[in-house]
Amino acid sequence: MRFFNIALVALLCAVLGPASASQKHEILAKAVGDYKLTTISGSGGANGMWETWKQNGKWGASASGMTGDMRTGTDIALDRNDMRLLDSLTIRVDPGLGVRFLAGARTLLAIPYRDDGMHIEVNQVETRDVYQLNQLTPDTTVLDDHLYLLARDGVDYSPTIHGNFVAAAGNLVIVSYLPQQHTFELTFYPDDCCGASTYTFARRPTR
């Protein structure tokens with residue numbers, strides 16, 4: 001019986017371990033290329049919500065909050081600088097399977113390829129209470145249809161990503177790829193209690 005158990009464990013390790021790593025490699029190998037920002041959506045504070053989106057080649061933005069028992073919203077006017085910045089935000093999967101977050105030609109975040117899991121670089125105790133983060137370990141690859149690549153706290157992209165739209169790009173960032181949708185997500189969690197803001201990137205069409 002003991003021999004059987006040892007053999008079973010060895011078999012499972014042989015099958016499941018390498019399969020997870022090769023699965024990640026296969027997914028990212030098919031994902032090489034550029035992904036452009038399509039939406040920013042989030043919520044924060046007691047009841048604030050915001051969204052920035054691109055539709056038919058044009059950017060729009062709005063925000064809303066509660067007034068009494070009613071949610072009231074307002075459109076946000078974007079200027080040329082806003083639109084230029086939003087158009088410049090890119091996720092790039094390099095041929096070596098590293099992933100970068102760029103604003104134009106400037107690399108804001110670089111994630112080296114790791115075959116056997118994800119990068120978790122979290123030092124602040126309070127950020128460990130984030131629900132999504134509590135599900136992740138250094139061995140995490142695919143979870144709930146997301147290929148997780150990075151969780152890092154202490155980030156602040158507000159000096160680069162700011163404008164009339166709500167950016168909320170700071171403190172804890174979690175980076176993942178959804179292979180079924182061919183999209184990347186960068187989700188930012190603030191350090192002042194509540195909310196999150198998700199940046200979604202879709203594959204740039206080949207010309």
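How many helices and how many strands does the chain have? The chain has 3 helices and 13 strands. The model described here is predicted.

**Whole chain**

Of the 207 residues in the chain, 42% are buried. The chain exposes about 11,600 Å², and 54% of that area comes from carbon and sulfur atoms. Counting contacts between residues at least 6 apart in sequence, 52% join residues at least 24 apart.

**Aromatic pairs**

A pair of aromatic rings is described by the distance of the centres and the angle of the planes. Searching the whole structure gives 7 aromatic pairs. One of them joins Tyr 35 and Tyr 177: the ring centres are 6.1 Å apart and the planes meet at 75 degrees, so this pair is edge-to-face. Angles over 60 degrees count as edge-to-face. Tyr 35 belongs to strand E1 (residues 33–44) and Tyr 177 to strand E11 (residues 170–178), so the pair ties together parts that are 142 residues apart in sequence.

Tyr 177 also pairs with Phe 184; here the centres are 4.5 Å apart and the planes are at 35 degrees, so the pair is tilted. The two pairs are listed below.

| Ring pair | Centre distance | Plane angle | Class |
|---|---|---|---|
| Tyr 35 and Tyr 177 | 6.1 Å | 75 degrees | edge-to-face |
| Tyr 177 and Phe 184 | 4.5 Å | 35 degrees | tilted |

Are the residues in these pairs buried or exposed? Tyr 35 has a relative accessibility of 0% and counts as buried. Tyr 177, at 2%, counts as buried. Phe 184 is buried too, with a relative accessible area of 0%.

Elsewhere in the list of ring pairs, Phe 101, Tyr 157, Phe 188, Tyr 199 and Phe 201 are linked into a cluster.

**Asp 34**

Strand E1 also holds Asp 34. What is the relative accessible area of Asp 34? The value is 18%, and Asp 34 is therefore buried, because the class takes residues under 20%.

Leaving aside residues up to four places away in sequence, Asp 34 touches Thr 90, Ile 91, Arg 92, Ala 202, Arg 203 and Arg 204. With which side chain does the side chain of Asp 34 make a polar contact? The partner is the side chain of Arg 92, at 2.7 Å.

Phe 201, a member of the ring cluster, is 167 residues from Asp 34 along the chain, and the C-alpha atoms of Asp 34 and Phe 201 are separated by 9.0 Å.

How values were computed
Residues numbered from 1 in each chain as written. Predicted model: local features only at pLDDT ≥ 70, side-chain atom pairs only at ≥ 80, totals over all residues. Heavy atoms only, no water. Helix = DSSP H or I, 4+ residues; strand = E, 2+ residues; numbered from the N terminus. Buried < 20%, exposed > 50% of the residue type's maximum accessible area, 1.4 Å probe, protein only. Contact = heavy atoms within 4.5 Å. Areas by Shrake-Rupley, 256 points an atom, 1.4 Å probe, with all protein chains shown as cover. Phe/Tyr/Trp six-rings, centres within 6.5 Å; stacked < 30°, edge-to-face > 60°. Polar contact = N/O pair within 3.5 Å; in protein donor to acceptor, adjacent residues only side chain to side chain.
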